[in-house]
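Subject: Structure handover

Hello,

Here is the structure I promised to pass on. Please look it over first, then read my notes below.

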Amino acid sequence: MSHHDRDAEIAAFIRTKGVTRCPTACVVPTQGSPDRLDQAALEQHAVARELLRTKSATRWQVFGSLRVRD
């Protein structure tokens with residue numbers, strides 16, 4: 001696939017799917033200045049990820065207290 005064909009394919013996908021921004025905008029903090037809705041979504045994502053991490057860590061701590069029998 002040529003560079004031109006690839007660019008045309010991407011443009012067609014964006015037109016049909018209605019993609020207006022990078023889908024990774026809420027995954028990691030960026031150097032840019034996202035609008036307030038994106039900032040709120042990023043903050044919610046970070047809070048949810050931290051909550052999931054702490055729940056997972058608590059679950060795994062149970063296994064740390066188990067002793068192996070000889």
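Ile 10 is partly exposed, at 45% relative accessible area (buried means under 20%, exposed over 50%, partly exposed in between, with a 1.4 Å probe and protein chains only). Ile 10 sits in helix α1, residues 3-17.

A word on the source: this is a predicted model, where local features need pLDDT of at least 70, side-chain atom pairs count only at pLDDT 80 or more, and totals for chains, interfaces and linings use all residues. Residues are numbered from 1 along each chain as its sequence is written, and side-chain values use heavy atoms, with hydrogens and water left out.

Now the chain as a whole. The protein chain has two helices and zero strands (DSSP runs, numbered from the N terminus: helices are H or I with at least four residues, strands E with at least two). Of its 70 residues, 1% count as buried.

Next, the salt bridges. The structure holds two (a side-chain nitrogen of Lys or Arg within 4 Å of a carboxyl oxygen of Asp or Glu). One joins Arg 6 and Asp 7, at 3.9 Å from N to O. Arg 6 is partly exposed at 39%, and Asp 7 is partly exposed at 36%. Glu 50 pairs with Arg 53, with the closest N and O atoms 2.6 Å apart. These two residues are three apart in helix α2 (residues 36-64), so about one helical turn separates Glu 50 from Arg 53. Glu 50 is partly exposed at 40%, and Arg 53 is partly exposed at 47%.

Best wishes
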